[in-house]
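Me: I would like to learn how to read this structure feature by feature. Please give the general idea each time, then the case at hand.

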Amino acid sequence: MMTIFGIPTAALFGQLLVGLINGSFYALLSLGLAVIFGLLRVINFAHGAQYMAGAFAALLLLTQTGIGYWPALILAPLIVGLGGALIERTMLSRLYKLDPLYGLLFTFGLALTLEGTFRWFFGTSGQPYAPPAALTGAVNLGFMFLPVYRGWVVVASLAVCLGVWLLIEKTKLGAYLRAATENPVLVQSFGVNVPLLLTFTYGLGAALAGFAGVLAAPVYQVSPLMGSNLIIVVFAVVVVGGMGSILGAIVTGYLLGIAEGLTKVFYPEASNIVIFVIMAIVLILRPAGLFGKDA
Amino acid sequence: MARGSASPAAPAVVAHPRAGTLKLVLLLIAAAALVAAPFFLYPIFLMKLLCFALFAAAFNLLLGYTGLLSFGHATFFGGSAYFTAHAVKVWGWPPEFGILLGVAGAAALGLLMGVIAIRRQGIYFAMITLALSQMFFFFCLQAAFTHGEDGIQSVPRGHLFGVIDLANATNMYFFVLGTFTLGMLAIWRFVNSPFGMILKAIRENEPRAISLGYSVAEYKLGAFVMSAALAGLAGGVKALVFQFATLTDVGWQMSGEVILMTLLGGIGTLVGPVVGSALVVTLQNYLATSQFPVTIITGLVFMACVLLFRRGIVGEFYASRLGRRLGFRSES
């Protein structure tokens, strides 16, 4: 058996993969947070709850209507995104003129309400969601066995992250979004419907969380509490990366996921807190975050 | 919190000349009610209420008077509960020293967290405190002295100053009431001191406070540690009241709860957090036996507060015509 630093390679690569999977979710979620924050200046505390809602949407689509994984991968984010857009339009949009802390508090309340509601209907125990038949089994990579679904999670999240980055950096809609981030009043005076843009952005961010939820459903169990602890880690990821850049959010997400996986190999006791420790160190050395521009 | 939500230019209402006397009378009535309460209501419930009221008031010291929203105050409340419970149960310390250790521990945690968190402002500050307190939660989950999921149970209340038996509910109640009063007096004194004035100046206009030569970071850190220590006082007393310390007290939900209490009652008022915590604790007591998850209500109240009455109940009353006629004013 091969070893590196006294650790069997199979265990090392296994934990690296787990880290990469977690990193995929960190990247997707911190990307959504960064997109929302960029335009709305709101930290979306409900992001974890929307991730959970995405997983539940997939589960309910399957159990109630028999709609399987592949359609759910499109439908569930759509449902969550529309729900998010509705909440933005009716409630969140009233808070833009206030201190950004009110947006955080409002979405915190929203997260509690969503979680409580799902807990009331479904209890706290997790429910399994089987991966689609095409993605079951594992392939031998020579140095380790890779479960196909886990490989798919990494590929799919990378593709979506890249897609969103392209949408924002390379399309006309993205140009409007970036312009509205810089100067909403000016963009509005050019005839762009900025309020609609804000609604779309919040919907997009929520849909990204919902997508991550569907992706996560076969890996973790579907439970009302699946998002609440995750969102705190994602906040730490966002602080490390700095809110300024979309690409920074994605890269930091993967890096911290891998760092967490490696910690599980070398010092498992600290694996829960390693991201928070990294956050504290980054704050001391570089308070604006690794990719942040704002002081 | 910054003045984003501040009152629109209110029409001038002159306070009634006897408003000062009225406030004094109200204060005396409240004091009398607190002294008489244990003979009519369940003492444990009242003690819980007083602990949370002090906790929320300590939290408000930071949010209301310094403008810093901490999402990690459970660390100080729950951490102190652990320290006190451990000192009293395992080391056999008398209750007053156990609580003092809890306060000192909470202040030390506050210093550590504060040094890191005050490097950023606003929402970043909130997210950092949340992340650091989650780190402390995981520490408590794994550390040996906290006994993980079980918590520290059957903590003896002991004898205050070696004489007064705190196992007696009435004695314990008056001990809690005394601690609460001392804590509130400390907050009142702190808020109205030159130090408190500088904190308000920082909250209103930080660049200006810097340009006036104040070392803003040190003042913020001072307020953070003070708030942490007082939250620790509440947590230590709570550990003795309930005779246990558990993970619930250090979880992020607890940090959220204390924000709700303050927001609901009124940010930046002395009485607001007390009123808010009374309402939240009462609500939790009513729903404790039902299957209905209390977080639904908590979440909805949160959303309603933020959307409809950001000044909180007491703050809205202070801002109303009647409130101003009676000479009340809110600090934020």
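Me: How many helices and strands are there in chain A?

Reply: A word on the source. This is a predicted model, where local features need pLDDT of at least 70, side-chain atom pairs count only at pLDDT 80 or more, and totals for chains, interfaces and linings use all residues. Residues are numbered from 1 along each chain as its sequence is written, while chains are lettered from A and ligands numbered from 1 in the order in which they are written. Helices (H or I, at least four residues) and strands (E, at least two) are DSSP runs, numbered from the N terminus. Chain A has eleven helices and four strands. Chain B has 14 helices and two strands.

Me: How does the radius of gyration of chain A relate to that of a compact globule?

Reply: The radius of gyration is taken over C-alpha atoms, and the globule rule is 2.2 Å times the number of residues to the power 0.38. For the 295 residues of chain A, the rule gives a value near 19 Å; chain A has 19 Å, so the two agree. Its C-alpha atoms fill a box of roughly 65 × 50 × 35 Å along the principal axes. Chain B, with 332 residues, has 20 Å, which agrees with the value near 20 Å for a compact globule. The C-alpha trace of chain B spans about 60 × 45 × 40 Å along its principal axes.

Me: What percentage of chain A is buried?

Reply: Count neighbours. A residue is buried if 20 or more other C-beta atoms lie within 10 Å of its own, exposed if 12 or fewer, and partly exposed in between; C-beta atoms are placed from the backbone. In chain A, 52% of the 295 residues are buried. In chain B, 51% of the 332 residues are.

Me: What percentage of the contacts in chain A join residues at least 24 apart?

Reply: Two residues are in contact if their C-beta atoms, placed from the backbone, lie within 7 Å. Take the contacts in chain A between residues at least 6 apart in sequence: 76% join residues at least 24 apart. For chain B, with a separation of 6 or more, 77% of contacts are between residues 24 or more positions apart.

Me: Which elements of chain B give two or more residues to the side that touches chain A?

Reply: Start with the totals. 37 residues of chain B are in contact with 36 residues of chain A. The elements are α5 (122-142), α10 and α12 (294-308) of chain B. α5(B) gives the most, with 13 residues. Next, sort by type: Ala, Val, Leu, Ile, Met, Phe, Trp, Tyr, Cys and Pro count as nonpolar, Asp, Glu, Lys and Arg as charged, and the others, Gly among them, as polar. This side of chain B divides into 25 nonpolar, nine polar and three charged residues.

Me: At what angle do α10 and α13 of chain B pack?

Reply: Axes are lines fitted to C-alpha atoms, for helices over the stretch in contact, and angles run from 0 to 180 degrees between N-to-C directions. α10 (residues 252-265) and α13 (residues 312-319) of chain B pack at about 20°, with axes 3 Å apart. That makes α10(B) roughly parallel to α13(B) (angles under 35 degrees count as roughly parallel, over 145 as roughly antiparallel, 65 to 115 as roughly perpendicular and the rest as oblique). Leu263(B), Leu264(B) and Gly265(B) of α10(B) meet Gly312(B), Ile313(B) and Val314(B) of α13(B). The residues of this contact are four nonpolar, two polar and no charged.
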